[in-house]
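Me: I am new to this structure and would like to learn how to read its features. Please take them one by one, with the general idea before the case.

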Amino acid sequence: MLATLVALIETQTGSQFVVKKLANYLQIEIGEVRGSLARGLDIDWIQYQHNQQSFATTQVSFRWNSSALLYNTLSIESLSVDSLNIQLPESADKSHEPFSAWPNLKLPIRIQLKKFRLNNIQFTQGDYQEKWQRLSGSLGLGTFHLRYSPLILVHDQYRLRLSGKSDLHFPYDTSAALS
């Protein structure tokens, strides 16, 4: 049994099998998969579509420290995406009442995204469209805070840089610097 688990996680063939089975189960289409689940993967493209929602990426690459899971942490060393396209339907809720069901964002596992870079981002919701050249930075979702240092959002007309931390429960106290 241990040999089977190692073969599925440590080898490219085993990792391809697991990723393709999982994608099929989740009704996600994926391109060629290279690498291993133990260290990281490169995926040519990913597409998901459900009703009027769709999500598509090209050239996805991530590297992670799988042993950090033993310490209740999902530690992603790097994540890069060459293009990201998100399409959502027009919002059905046109209510102007204030939102009041504020969630607690605490998860049972800590998440570290040490370095990420998403390029060529296109977001569409109904008739609204927005394009960004890049979103990059690092994120850490801990026990009490979400930390970001620095998040950089680049658009044709502006560039934003955000560093700081936010509590994971309402009212989400935040200490941050925006430039």
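Reply: Start with residue classes: Ala, Val, Leu, Ile, Met, Phe, Trp, Tyr, Cys and Pro count as nonpolar, Asp, Glu, Lys and Arg as charged, and the others, Gly among them, as polar. The residues lining the largest pocket divide into 20 nonpolar, one polar and no charged. This is a predicted model, in which local features need pLDDT of at least 70 and side-chain atom pairs count only at pLDDT 80 or more, while totals for chains, interfaces and linings use all residues. Residues are numbered from 1 along each chain as its sequence is written, and side-chain values use heavy atoms, with hydrogens and water left out.

Me: Which helices and strands does the protein have, and how many?

Reply: Helices (H or I, at least four residues) and strands (E, at least two) are DSSP runs, numbered from the N terminus. Here there are two helices and ten strands. The order from the N terminus is α-α-β-β-β-β-β-β-β-β-β-β.

Me: What lines the largest pocket?

Reply: A pocket is an open set of points on a 1 Å grid over the protein atoms alone, where a 1.4 Å probe fits, with protein on both sides within 12 Å along at least five of seven lines; lining residues have an atom within 4 Å of a point. In this case 21 residues form the lining, and Leu41, Ile43, Ile46, Val60 and Phe62 lie nearest the centre. Helix H2 (12-25) and strands E1 (28-30), E3 (40-50), E4 (53-65) and E5 (73-88) each give two or more residues to that lining.

Me: Is Ser75 buried or exposed?

Reply: Buried means under 20% relative accessible area, exposed over 50%, and partly exposed in between (1.4 Å probe, protein chains only). Ser75, in strand E5, counts as buried because its relative accessibility is 2%. Of the 179 residues of the protein, 28% count as buried.

Me: What does the side chain of Ser75 make a polar contact with?

Reply: A polar contact is a pair of N or O atoms within 3.5 Å; within protein, one must be able to donate a hydrogen and the other to accept it, and residues adjacent in sequence count only if both atoms are side-chain atoms. The side chain of Ser75 has such a contact with that of Gln112, at 3.3 Å. In strand E7 (residues 128-141), the side chain of Glu130 contacts that of Tyr128 at 2.8 Å and that of His155 at 2.9 Å.

Me: How many salt bridges are there?

Reply: A salt bridge is a side-chain nitrogen of Lys or Arg within 4 Å of a carboxyl oxygen of Asp or Glu. The count is five. One of them joins Lys114 and Glu77 at 3.4 Å, N to O. That pair links distant parts of the chain, with Lys114 in strand E6 (residues 110-125) and Glu77 in strand E5, 37 residues apart.

Me: Which residues does Arg34 form salt bridges with?

Reply: Arg34 pairs with Glu32, the closest N and O atoms being 3.7 Å apart, and with Asp44 at 3.0 Å.
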